[in-house]
Amino acid sequence: MVIRMTKEIRHFSKNKNLHLILSVIMTILSAFIQVYVIQVFMNPCNLLSSGFTGVAILIHKICNLFNINFSISLGILMLNIPAALMCYKSVSKRFVFLSCLQFGLVSFFLNIFSFTPFFDDLVLNVLFGGFLYGIGITLALKADGSTGGTDFIALYISNKIHKSLWDYVFIFNTIILIIFGLFFGWVYAGYSIIFQFISTQTISRFYHRYAQITVEITTENPDIITKAYTENFKHGMSVIDAYGAYSNKKFYICKTVISSYEEADVIDCVLNVAPNVIINSYKTNHFYGKFYHQPIG
């Protein structure tokens, strides 16, 4: 039943209109979770969020020290809109739309929602808040959008060089938190760094766009597999002669390297044309050479 449901979800997502609806729902949920974490876990403990949202909150706090009223919602829009315009021509309109929807809703939700803190304990707020904040960002990424700001820039560059930049995003957030610590205390900055580390690791754990795997398909008829594969995917495939140690029969190993998010689709494609093959997949730690990544959005 689980396998059938998974296939139905993938089939649902391949319809462009239905996929867009699902992406919008995930984006709305992402914005809601982000605002919930800010109000329930972060504000009570004086923690700082990541990215341009964190910068907007930091500017708001610093302005308050000088009795200047600076709206966090306005700050989010002021920081994110230029980043969206910068990346607009380099990524798809769909990606830009979903990203703008996400940070726009965060700005809107901050003004209409007021959630009550859940925990009194600082450590619990850091742990649960960091994890949920990472989940919120992951939802936006899996919807083929982003939370704007540094996500815009990180994904734009990652799509160019085919490597994850989340560690650099964490460094950027750490610099912002150092500034935060200078103004508001190193204890809060320290806990905020842990908070951001947890959220970043959560993203790395659940978002695998740039992870790669090797797929090996053992078959007696490689032609139908290579034909179906090359018609549906933009990766190369090697066919290796082999023979069975037990049966002494000749067979072939079709071998390819793909992105981890393509694994289920590749396996479905192969099993549809050759249901009796043997498939083995494993993580590829290092890959050198040209590799096709589907464009963002």
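Visitor: Which way do β1 and β3 pair, parallel or antiparallel, and over how many bridges?
Guide: They pair in the antiparallel sense, over eight bridges. Keep in mind that this is a predicted model.

Visitor: Okay, and which residue in β3 does Ile 213 stand opposite?
Guide: Ile 213 faces Ile 258 there.

Visitor: What's the strand order in the sheet?
Guide: Reading across, you get β2-β3-β1-β4. It's an open sheet of four strands with antiparallel pairing.

Visitor: Which strands sit at the edges, then?
Guide: Those are β2, residues 238-243, and β4, residues 278-284. Each of them pairs on one side only. On average, neighbouring strands of this sheet are turned by 25° against each other, ignoring direction.

Visitor: How many bridges join β2 to β3?
Guide: Six, and the two strands run antiparallel. β3 itself covers residues 250-259.

Visitor: Which residues are partnered there?
Guide: Val 239 has Cys 254 in β3 as its bridge partner. Tyr 243 stands opposite Lys 250, also in β3.

Visitor: What's in the hairpin of β2 and β3?
Guide: There are six residues between the strands. One of note is Asn 248, which takes a positive phi near 60°.

Visitor: Is β3 mostly covered or mostly open, and how many of its residues are buried?
Guide: Mostly covered: seven of its ten residues are buried.

Visitor: Which helices lie across the sheet strands?
Guide: Helix α10, residues 222-232, lies across β1, β2 and β3, and runs at about 15° to β3. Helix α11, residues 263-273, lies across β1, β3 and β4, and its angle to β4 is about 160°.

Visitor: Let's zoom out. How many helices and strands does the chain have?
Guide: Eleven helices and four strands. The chain has 297 residues, and 46% of them count as buried.

Visitor: What about contacts between residues at least 6 apart in sequence?
Guide: In the chain, 75% of those join residues at least 24 apart.

Visitor: And how much accessible surface is there?
Guide: About 16,300 Å² for the chain, with 63% of that belonging to carbon and sulfur atoms.

Visitor: Which residues make the nonpolar surface patch?
Guide: Among them are Leu 65, Phe 66, Ile 68, Tyr 168, Ile 175, Phe 183 and Trp 186. The patch comes to about 1,200 Å².

Visitor: Which helix gives the most to that patch?
Guide: Helix α8, residues 166-184, with seven residues. Ile 175 is found in that helix.

Visitor: New topic: where is Asn 125?
Guide: Asn 125 is in helix α6, which spans residues 122-142.

Visitor: Is Asn 125 buried or exposed, and why?
Guide: Buried, because its relative accessibility is 0%, and the cut-off for buried is under 20%.

Visitor: What does Asn 125 touch?
Guide: Leaving out residues up to four places away in sequence, Asn 125 touches Val 40, Phe 41, Cys 45, Phe 119, Asp 120, Gly 130 and Phe 195.

Definitions and conventions
Residues numbered from 1 in each chain as written. Predicted model: local features only at pLDDT ≥ 70, side-chain atom pairs only at ≥ 80, totals over all residues. Heavy atoms only, no water. Patch = residues over 30% accessible without salt bridge, like charges linked within 9 Å, V, L, I, M, F, W, Y side chains within 5 Å. Areas by Shrake-Rupley, 256 points an atom, 1.4 Å probe, with all protein chains shown as cover. Salt bridge = Lys/Arg side-chain N within 4 Å of Asp/Glu carboxyl O. Pairing = 2+ DSSP bridges. Axes fitted to C-alpha atoms, helices over the stretch in contact; angles between N-to-C directions. Contact = heavy atoms within 4.5 Å. Buried < 20%, exposed > 50% of the residue type's maximum accessible area, 1.4 Å probe, protein only.
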